[in-house]
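Subject: Structure handover

Hi there,

Here is the structure I promised to pass on to you. Please open it beside this email, so that you can follow along residue by residue.

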Amino acid sequence: MRIAILALALGLLLTGCVTEKTGAVHPEQELTAAAALNVQLGFEYLRGGRRADAVAKFEKAIEQDDDNAQAYFGLALVNDQVGDHKQAKHRFQSAIDAAPDDATIGNAYGIFLCKRGERAAADALFMSAARNLNYQTPAVAYTNAGICARTGKDLVKAEQHLRMALQVDPNHPQALLELADLSLARGDALRSRAFLQRLREQGRSESRTL
């Protein structure tokens, strides 16, 4: 399924580096900082294809800070990659419970649920992410919502979501391509051509666009 995923989301998940502070540090603060560092290492390992090492770091982070949403998110991504969808869903939900306002996690969880056919729940997550003022790429969430709606044959909702994506980012390539494809499927070749022309003006020449 053609879903725009923020470069697998991994590049955007790294937390800030742990900085040294003078004076006494509470043990819980030390554990929280250590957990953040383990999460950072976990995503580094995951990007490098070292899943076992990544899992070890994520699990260690949870031992140190059981409210670390990024650690649960990392485990969810690993579980999804290896096909353990039941455990992946459990980990995604733990991540959402720990950080309900994290739009990146919500968007990724929505993609996961849409693939499993849970389109209503996925749509709610996409909309929450898109409307989150701290989320820098709402067009991605709207586009994912549009694609998900189309997999459920709801073409009206699909178009609405995709047009919302263009409202917040008029040049969003994935939304333009999906609207071109949707228009063509409806027999509106002229409108499809208009969307494709906007893509062409951006220098987009991927195989699907061609």
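Below is what I found in it, starting with the whole chain and then going into the details.

One thing to keep in mind as you read is that this is a predicted model.

**The chain as a whole**

The chain has 10 helices and zero strands. Read from the N terminus, the order of elements is α-α-α-α-α-α-α-α-α-α. Of its 210 residues, 44% count as buried. I also looked at contacts between residues at least 6 apart in sequence: 52% of these join residues at least 24 apart.

**The disulfide**

How many disulfides does a search of the whole structure find? The search turns up one disulfide. The partners are Cys114 and Cys148, and their sulfur atoms sit 2.1 Å apart. This pair ties together distant parts of the chain, with Cys114 in helix 5 (residues 103-115) and Cys148 in helix 7 (residues 138-151), 34 residues apart. The link is right-handed, with 115° about the S-S bond. Are the two cysteines buried or exposed? Both Cys114 and Cys148 are buried.

**Helix 7 against helix 8**

Helix 7, which carries Cys148, also packs against helix 8 (155-168). Their axes come within 7 Å and cross at roughly 165°. That angle is over 145°, so helix 7 is roughly antiparallel to helix 8. The crossing of these two helices is left-handed.

**Two loop residues around helix 7**

Lys153 lies in the loop between helix 7 and helix 8. Its phi is near 70°, a positive value in a residue other than glycine. Is Lys153 buried or exposed? Lys153 has a relative accessible area of 71%, which is over 50%, so this residue counts as exposed.

Arg131 is found in the loop between helix 6 (119-130) and helix 7. With a relative accessible area of 57%, Arg131 is exposed too. Arg131 and Ala141 are 10 residues apart in sequence, and their C-alpha atoms are 9.1 Å apart in space.

**Helix 1 against helix 2**

On the helix 1 side, the contact is made by Leu31, Ala34, Ala35, Asn38, Val39, Leu41, Gly42, Phe43, Tyr45 and Leu46. Helix 2 contributes Arg51, Asp53, Ala54, Lys57, Phe58, Lys60, Ala61 and Gln64. Sorted by class, this contact has 11 nonpolar, three polar and four charged residues.

Happy to go through any of this with you on screen.

Best wishes

Conventions: Residues numbered from 1 in each chain as written. Predicted model: local features only at pLDDT ≥ 70, side-chain atom pairs only at ≥ 80, totals over all residues. Heavy atoms only, no water. Contact = heavy atoms within 4.5 Å. Helix = DSSP H or I, 4+ residues; strand = E, 2+ residues; numbered from the N terminus. Nonpolar A, V, L, I, M, F, W, Y, C, P; charged D, E, K, R; others polar. Disulfide = S-S within 2.5 Å. Buried < 20%, exposed > 50% of the residue type's maximum accessible area, 1.4 Å probe, protein only. Axes fitted to C-alpha atoms, helices over the stretch in contact; angles between N-to-C directions. Parallel < 35°, antiparallel > 145°, perpendicular 65-115°, else oblique. Left-handed = near helix turned anticlockwise from the far one by under 90°.
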